Amino acid sequence: ENDALFRSMGVRAYDLLPYGSGQVYPAERGMTGGESWPTWEKTQPQTHDSIWGYANYATNLVAHKGPENMIALETWNEPNHYTAPSHEKAQKYTDFNKATGVKLLYEGLDKLKFAPYSLAYNNEVEFVNYSIDYGLWPYVDAISHHPYVHGGGYNKNQLQEYRMQYMEDIIIENGGWKDRDITEIGCPTPVGGVTEEQVARDMPRLYTVSEDMENEACLVYDLINDGTEATYTEHNFGQVTIDYKPKPSYISTVAFNNNTQGGILLGQVDCAIDDATRAYLYHKDGKPVVIAWSTQIDIEDTVQWNLGNESVDVYDKNNNLIESGVSTVTLGDSPVYIMGLSDDWYAKAAYYEVSKKGGNWIADYSDSLNAEDKEKIKGIIEKAKKDFVGTPSPETILETLDAMYNFGFDIVEYKENGKLEDIEVSRMLYMLYRVMQRVARFYMSAYEGEVPEKLTNRADQCYDAAKVLYKDNMQMMQYSEQ
């Protein structure tokens, strides 16, 4: 019934299949079958029958629902949560996920994104690395994780980013080209805990940071409270009460969606204030929209952001107008939306992103290149930065994308000539692709008319070419010979 309702609404599910073998094979681990919250050790498939029983269950469910109605498949919930990870646990976890991946391939269902992690935020790095040691990585399409940070404070943004960055670092270290999804994020509000007002401030900031850090999904836990016990954490995660009354975080989430949904995130704008002050530029309905905030040591502290000759309107987190026709905006812990910026703002985020991401690429990888190629990529990045100081023409942006795209083939030659390891070449292409993404977004947001086919194909061409290099040439196939 739920599947039919979702399909009628055009909604696809990010499916999680936890605890399956604990209910099907309880005697294996001394279970009675009646535990309400069985531990990971008791429910994890470990024997031949339970491993392939789980794989059959997952595959039959995907076939029944139809992979076209699903976003992805997770196979467990927070397997690293209950106790500290170990090599033994990671090996067992890898075994049944390999079986599930092989079964999906055998049944022709392997086009569905396979995300066999759903990690809690404790010990997640160790757990993933242990599973990689036992060969799970080639089966993985995405890392899914739950980077919770409850409460405010000066380091709120940094803590969220660090936990997201942990997973990105693992992906880069292993060659890139895997998705990264947040499949649980939110903040409970039991009596004595974080206030509803603070969560309402936190959520729009978190959505923005998640999108800027290239998470493919950011899923709220939870939409509706699970119960009525005021002091019980699990009963107070929702953005709506159990009797369907909206909480403050629901209202700020609706405001965020109204201001950004359907738009394009160009990236971060340099406020030139401090590390705790953030501003991100979206482009929606032909107009720039900035969401900005500052998380100082005390949440009551504020900073002033001078926008020069701009005359803007400022709205609070719930989309209420608080200032009109101003050129200086007060930023504090609660995010604000800045509207009415001039067209010159289109290029500001692109300049900042090309400078930051392009500069990082040169710092991280240019020493692996010969002198000629080192100067070539430096020239490409410097030219792009100069172009974005003003408002570049569409032809100029396409030239920048072409130069970066073609330089990718120069990098591939290092692999073909045996000068660099395959995995290093794959990393370099992956991070160059990240720079190109921001340039392409600027083009698609800043210029009217039909987007050239060449531009729309560039991202897919880069992604597909690197996948071939990563999987075929490196013999890191999506599935093993099993």
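The protein folds into 14 helices and 14 strands, where helices (H or I, at least four residues) and strands (E, at least two) are DSSP runs, numbered from the N terminus. This is a predicted model, in which local features need pLDDT of at least 70 and side-chain atom pairs count only at pLDDT 80 or more, while totals for chains, interfaces and linings use all residues. Residues are numbered from 1 along each chain as its sequence is written, and side-chain values use heavy atoms, with hydrogens and water left out.

Of the 482 residues, 54% count as buried; buried here means under 20% relative accessible area, exposed over 50%, and partly exposed in between (1.4 Å probe, protein chains only). The accessible surface comes to about 21500 Å², and carbon and sulfur atoms hold 49% of that. These areas come from the Shrake-Rupley method with a 1.4 Å probe, and for residues only the protein chains shown count as cover. As for contacts (heavy atoms within 4.5 Å), take those between residues at least 6 apart in sequence: 70% of them join residues at least 24 apart.

Now to the strands. Two strands pair if DSSP finds at least two bridges between them.

Ala-142 has Asp-179 of β5 as its bridge partner, and Ile-143 has Arg-180. In a regular strand the side chains alternate between the two faces of the sheet. Both faces of β4 are covered: Ala-142 and Ser-144 are buried on one side, Ile-143 and His-145 on the other. Strand β5 is mostly covered too, with 7 of its 7 residues buried.

The structure holds 4 cavities of 30 Å³ or more. On a 1 Å grid over the protein atoms alone, a cavity is a set of points where a 1.4 Å probe fits but cannot get out, and lining residues have an atom within 4 Å of a point. Grid points are joined across faces, edges and corners, and a volume is the space filled by probe spheres set on the points. The largest cavity has a volume of about 50 Å³. Its lining is made up of Asp-3, Phe-6, Arg-7, Val-11, Ala-13, Lys-65 and Asn-69. Helix α1 (residues 2–9) gives the most to this lining, with 3 residues. By class, the lining has 3 nonpolar, 1 polar and 3 charged residues; Ala, Val, Leu, Ile, Met, Phe, Trp, Tyr, Cys and Pro count as nonpolar, Asp, Glu, Lys and Arg as charged, and the others, Gly among them, as polar.

Finally, there is a lysine to look at. Lys-385 lies in helix α11 (residues 371–387). Lys-385 is buried, with a relative accessible area of 19%. Leaving aside residues up to four places away in sequence, Lys-385 touches Tyr-351, Val-354 and Ser-355.

Technical notes
On a 1 Å grid over the protein atoms alone, a cavity is a set of points where a 1.4 Å probe fits but cannot get out, and a pocket is an open set with protein on both sides within 12 Å along at least five of seven lines; lining residues have an atom within 4 Å of a point.
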